Amino acid sequence: MSSDRIFNFSAGPAVLPLPVLEQAQRELVSLPGVGMSVMEISHRSKTFEGILDAAVADFRALTGLPAHYKVLLLQGGASLQFSMVPMNLLGAGQTADYVDTSTWSDKAIKEAKKVGAVHVAASSKAETYNHIPGALTLTPGAAYVHITTNNTVEGTQWKALPDVGAAPLVADISSDALSAPTDFSRFGLAYAGAQKNLGPSGVTLVVVREDLLERSPASLPTMLNYKVMAENGSLYNTPPTFGVYILGLTLKWLKGLGGLTAIAAINQRKAAKLYAEIDRTGFYRGTAQKDSRSLMNVTFRLPSEELEKAFDKEATAAGLDGLKGHRSVGGMRASIYNAFPEAGVDALVSFMQEFERKRG
Ligand code: PMP
């Protein structure tokens, strides 16, 4: 089955671990001992409850999540969290601080402004979001402070979480969730669309500190209320059952690899190889400042747009797919999430050297 798979550098939905896909394939028409597909069983069955509970337990084990945090598996993507966060956490008369590090942070800010008062605590927009800003101007008594830990489009990443005092830190961790050991007790709330590091699209992870659930106004639409979702263990309505199953298999795969310390070492090594090649001669040019470079989305340019087009075309022909940068910024982007194989990074480095030799 796997022999015709190519190297998939897509930013998301992104490559999944091959053993996960193979297990899902084996079990697709009949889960062992069940005789039905996971897609055909009730979300209230013992089997599915077991799948959901195991996924949450594995997430807790991988992250060492403190007991006073809830893990929710919701729908609507990270984009719905742009609205749910302020609807649940931003009270009347309060201000939420946002750090504007990317097109995705900007979208989060736009949605929050529809709900309440927003203060932009720092922004790198004027420098085309090529770095993570240093100093933040925080609002005393802010309802929360929102950051985007990894900026998928621009290829930047926070190297350490900012100190935001007493305000809960809220983080969009969509594109670097579980890519390295993370102290979740630093967050009030963290959320991620699953389709980069955690599983398929359609599942949204929310990790929330229990006390913050008390902020959810009872007047909210039920489906947008974290408290209701938490009280019902993510089973208020029918969850995306197949997606939750694949997410569970992905977490098991990560545990089998040795967990977050092990994957962090692999991720460091993969990114280091690519950045070393980008920096080698000056033919390729990294777009992020060096101290802000992402280990997940490696963005770079070639000397001309014409060469970038040729690079993308020839790379695709060579089985290296999805290297075109986001349509809003152009250039190239290699997304090398947890499941992206190191052999694919080696293949890209060889391709870059060969392309430069021919066209440089
Ligand atoms: N935040 C970040 C950092 C992202 O990369 C993305 C998707 N690329 C989103 C939010 C939006 O996620 P979704 O498509 O799940 O709504």
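**Helix contacts, pockets and a cavity**

Reader: Which residues of α3 meet α4?
Author: This is a predicted model. Start on the α4 side, with Trp-104, Lys-107, Ala-108, Glu-111, Ala-112 and Val-115. The α3 residues that meet them are Ser-79, Phe-82, Ser-83, Pro-86 and Met-87.

Reader: How many residues of the contact of α3 with α4 are nonpolar?
Author: Sort the contact of α3 with α4 by class. Two residues are polar and two are charged. The nonpolar ones number seven.

Reader: Are α3 and α4 parallel or oblique to each other?
Author: Their axes come within 8 Å. They cross at roughly 40 degrees. Roughly parallel needs an angle under 35 degrees. α3 and α4 are therefore oblique.

Reader: At what angle do α2 and α6 pack?
Author: Helix α2 covers residues 46–63, and helix α6 covers residues 241–257. Their axes lie 9 Å apart. That pair is oblique, because of its angle. The value is about 40 degrees.

Reader: Is the crossing of α2 and α6 left-handed or right-handed?
Author: Among the residues in this contact are Phe-48, Ile-51 and Leu-52 of α2. Val-244, Tyr-245 and Leu-247 are among those from α6. The two helices cross in a sense that is left-handed.

Reader: How many charged residues are in the contact of α2 with α6?
Author: Take the classes in turn. The contact of α2 with α6 has 13 nonpolar residues. Two are polar. The charged count is three.

Reader: Which element gives the most to the lining of the largest cavity?
Author: The count gives one cavity of 30 Å³ or more. Its volume is about 50 Å³. The elements that give two or more residues to its lining are α2, β2 (69–74) and α6. With three residues, the one that gives the most is α2.

Reader: Which class do the residues that line the largest cavity belong to?
Author: The lining residues are Ala-55, Val-56, Phe-59, Val-71, Leu-73, Leu-198, Leu-205, Leu-247 and Leu-251. No polar and no charged residues are found there. The class of the nine is nonpolar.

Reader: Which element supplies the largest share of the lining of the largest pocket?
Author: This pocket has a volume of about 520 Å³. It is lined by 31 residues, and Gly-12, Trp-104, Thr-152, Lys-196 and His-326 lie nearest its centre. Elements giving two or more residues to this lining are α3 (77–89), α4 (103–115) and β14 (332–335). The largest share, four residues, comes from α3.

Reader: How many residues in the lining of the largest pocket are polar?
Author: Seven residues are nonpolar. Six are charged. That leaves the polar class, which has 18.

Reader: Which helix provides the largest share of the lining of the second largest pocket?
Author: About 410 Å³ of space lies in this pocket. Of its 23 lining residues, Gln-157, Trp-158, Asp-176, Ala-180 and Thr-182 are closest to the centre. The largest share is three residues, from the helix at residues 259–281. That helix is α7.

Reader: How many residues of the lining of the second largest pocket are nonpolar?
Author: Six residues are polar. Four are charged. The nonpolar residues number 13.

Methods. Residues are numbered from 1 along each chain as its sequence is written. This is a predicted model: local features need pLDDT of at least 70, side-chain atom pairs count only at pLDDT 80 or more; totals for chains, interfaces and linings use all residues. Side-chain values use heavy atoms; hydrogens and water are left out. On a 1 Å grid over the protein atoms alone, a cavity is a set of points where a 1.4 Å probe fits but cannot get out, and a pocket is an open set with protein on both sides within 12 Å along at least five of seven lines; lining residues have an atom within 4 Å of a point. Grid points are joined across faces, edges and corners, and a volume is the space filled by probe spheres set on the points. Ala, Val, Leu, Ile, Met, Phe, Trp, Tyr, Cys and Pro count as nonpolar, Asp, Glu, Lys and Arg as charged, and the others, Gly among them, as polar. Axes are lines fitted to C-alpha atoms, for helices over the stretch in contact, and angles run from 0 to 180 degrees between N-to-C directions. Angles under 35 degrees count as roughly parallel, over 145 as roughly antiparallel, 65 to 115 as roughly perpendicular and the rest as oblique. Contact means heavy atoms within 4.5 Å. A crossing is left-handed if the near helix is turned anticlockwise from the far one by less than a right angle, and right-handed if clockwise.
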